[in-house]
Amino acid sequence: MDDPVPVLLLATTDPVSRGILGDQLRRRYGADYEVVVCADHAHARAILRGLRRWGRAVALIVGCYGPADRDGLDLLRRAYAEHPAAKRAVAVTWGDFASGPTVFRAIAQGHADLLVLRPERPRDEEFHGAITDALDDWHLAQGGGFEAVRMIGDQRDERAHSLRDTLVRNHIPVGFHPVGSPAAQRMLESLGLHDPALPVLVLQFTSPPTVLEDPSDPEIVEAFGLNRPPPTDKVFDVVVVGAGPAGLAAAVYASSEGLSTMVVEQQAVGGQAGTSSLIRNYPGFSRGVSGAHLAFRSFQQAWVFGTDFLFLRRVESLEADGAVRTVTTSDGGVVRGRTVVVATGVDYRRLGVPQLEALVGRGVFYGAAVSEAPSLAGQRACVVGGGNSAGQAALHVAKYAEHVTLLVRGPSLAASMSSYLITQLEATRNVTVRYGTSVVGAREQDGCLTAVVVAPTGGPGAVRAEAGAEVGAATAPEDAPVEGSEEIAASALFVLIGSVPRTSWLPGSVQRDRAGFLRTGGTGDPEGPGDGAPARAPLPLETSLPGVFAIGDVRAGSVKRVATAVGDGATVVSLLHGYLSGHPPNAPAAPPASPPAAPPTPRPAPAAGPEDPVGDALRD
């Protein structure tokens, strides 16, 4: 028997708005959703309580705010307690500008997700565009539906979690079926598999379906039949390493301007931004946009312009071969380019607590792990971090978990988190923020996380744990009691602290700052790391190795925001044109004393700021 269809609920005491909105919702969405229209807010709240008791999914709740209905915002605020995962839209009438400040304040506080204008004509596509975007985000967060890939695995296996997260972030519809469940058992029997190596992937879109047992990344790429390595003799104009916002922007602009472009990505499009459940401050998206959607749209745009992609391949090394730069990947492949753009971004710092490291993928996750949130229904969770990424993760997990505790090392969020996120955290009932707190241990049962051990920041145990995080190991024994510590019950811990640049694969000739971020544009430290001096002053965004550029979070002095990363990606392309004009195809390497021909005056990149601190503030 099929599951009941999701519900769209509209409630307003304004008969005109109720008639218009109800008609629009029924005609457009009535075939795929159950549209419920209420003339009374108390009745609507009773229906929402009943839907929760019956286990019915509510995708969207629409309330109104205006002269004829002043209680719609209160309905949306209260609805969060019954259906926190539902999208909540407030409908207003065109020209009611006096209601604007109240509505905007409610959205800023998290009482509503989006603003829609009541349709004033038939086929109001602006209204329906907002509604379908909201429903698309809801479905993406819920999972289910069409399963291009079916996965059978252990719910708390690190490899299964990593694969599921990678597939979801790459916009591949995946259905996860825990081993031992009736659905998984039926699938294994139909495939003739007995005691297979887990996880098992079934590619439903091939004929016949392709079955992979505990596949490696190269085996998955081969089975998908996409992103085959280029011929070894092909030389691209641009090789972009990393498919986060900066790398994707560089690919879009480079390909659209006729440069042959290859992007190599070790995991999924979007980088850290791709794990953000909702980015509210990216220009042009007043309703906000999930990091996964933003990244996927950029990926499609680059693909349409002709960019080539290599996914699930880690770059191992970079070498210079005359005027050509050679990138070696983890599968032994080689990608050759006249220029290389490093857009590898950063990793979250590890906590360095042995008990936690042993539970990675089984309750402990580095990053937002958006795909894990729905499985936390009725459970408690913790998020560690004081930056925007941590705030967004806490709000997203709170839509599913019974309670979320945000653990912040410092005394305040004001210096590291956007004010709109702080406001939403304060307004979310099932989120508690604890300041001056460090994670020093964990408790587990049957190999899964059950509690997080915390201590005051600066206490003896916290100091030992923080020192261990810097070097990758804690100094305190695993079972040693920590002074002033306490346990917080939690089935999941999401860690989003600090930034460690992904630069270990680069040669020593590429100068870095003390934290490992790449220096660009002649800002290198004469006494810092780097082999020798370049024959000419580097271009803006160019590293100390000619023809190798750095953009986005990996660049020293960068601002950790999606918009500035995209700006770097757009800016670097004009610099690539200038560099390439002095290095025509197949030209021999210029002798050290002879700088290349002067390029046209490029637009300078924004001046570099102070060195990147290894702190909590991370992008949008």
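**Figure 1. Helix 5 meets helix 10 in the predicted model**. On the helix 5 side, the contact is made by D133, D136, D137 and L140. Helix 10 contributes A292, H293 and R297. By class, this contact has two nonpolar, one polar and four charged residues. Helix 5 spans residues 125-142, and helix 10 spans residues 291-305. Their axes come within 10 Å and cross at roughly 105°. Angles of 65 to 115 degrees count as roughly perpendicular, so helix 5 is roughly perpendicular to helix 10. Two packed helices are described by the angle and the distance between their axes.

**Figure 2. Helix 12 is largely enclosed by the rest of the structure**. This helix covers residues 388-398. How many of its residues are buried? The count is 11 of the 11, so helix 12 is largely enclosed. Among these buried residues are N388, S389, Q392 and H396. A390, G391, A393, A394, L395, V397 and A398 are also on the buried list.

**Figure 3. D165 sits in helix 6**. Helix 6 runs over residues 158-169. Is D165 buried or exposed? Its relative accessible area is 10%. The cut-off for buried is under 20%, so D165 counts as buried. Leaving out residues up to four places away in sequence, D165 touches Q267, A369, V370 and S371.

**Figure 4. L518 is a buried loop residue**. The loop lies between strand 25 (500-501) and strand 26 (548-550). L518 has a relative accessible area of 0%. Which residues does L518 touch, not counting those up to four places away in sequence? They are V342, T503, L506, V510, Q511, R512, A550, V554, R555 and A556. L518 and I551 are 33 residues apart in sequence. In space, the C-alpha atoms of L518 and I551 are 9.0 Å apart.

Figure 5. Most peptide bonds are trans. P199 is placed in the loop between helix 7 (182-191) and strand 8 (200-203). P208 belongs to the loop between strand 8 and strand 9 (210-213).

**Figure 6. D195 and D446 have positive phi values**. Most residues other than glycine have a negative phi. For D195, phi is near 55°. D195 lies in the loop between helix 7 and strand 8. At a relative accessible area of 77%, D195 is exposed. D446 has a phi of about 55°. Its loop connects strand 21 (437-445) and strand 22 (448-456). D446 is exposed as well, with a relative accessible area of 73%.

**Figure 7. C38 and C382 are buried cysteines**. The relative accessibility of C38 is 1%. For C382, the relative accessible area is 0%. How many disulfides does a search of the whole structure find? The search finds zero.

**Figure 8. The whole chain gives the setting for the close-ups.** The chain has 15 helices and 26 strands. Of its 620 residues, 54% are buried. The chain exposes about 26300 Å², and carbon and sulfur atoms supply 53% of that area. Among contacts with a separation of 6 or more, 69% are between residues 24 or more positions apart.

Definitions and conventions
Residues numbered from 1 in each chain as written. Predicted model: local features only at pLDDT ≥ 70, side-chain atom pairs only at ≥ 80, totals over all residues. Heavy atoms only, no water. Helix = DSSP H or I, 4+ residues; strand = E, 2+ residues; numbered from the N terminus. Buried < 20%, exposed > 50% of the residue type's maximum accessible area, 1.4 Å probe, protein only. Contact = heavy atoms within 4.5 Å. Areas by Shrake-Rupley, 256 points an atom, 1.4 Å probe, with all protein chains shown as cover. Axes fitted to C-alpha atoms, helices over the stretch in contact; angles between N-to-C directions. Parallel < 35°, antiparallel > 145°, perpendicular 65-115°, else oblique. Nonpolar A, V, L, I, M, F, W, Y, C, P; charged D, E, K, R; others polar. Disulfide = S-S within 2.5 Å.
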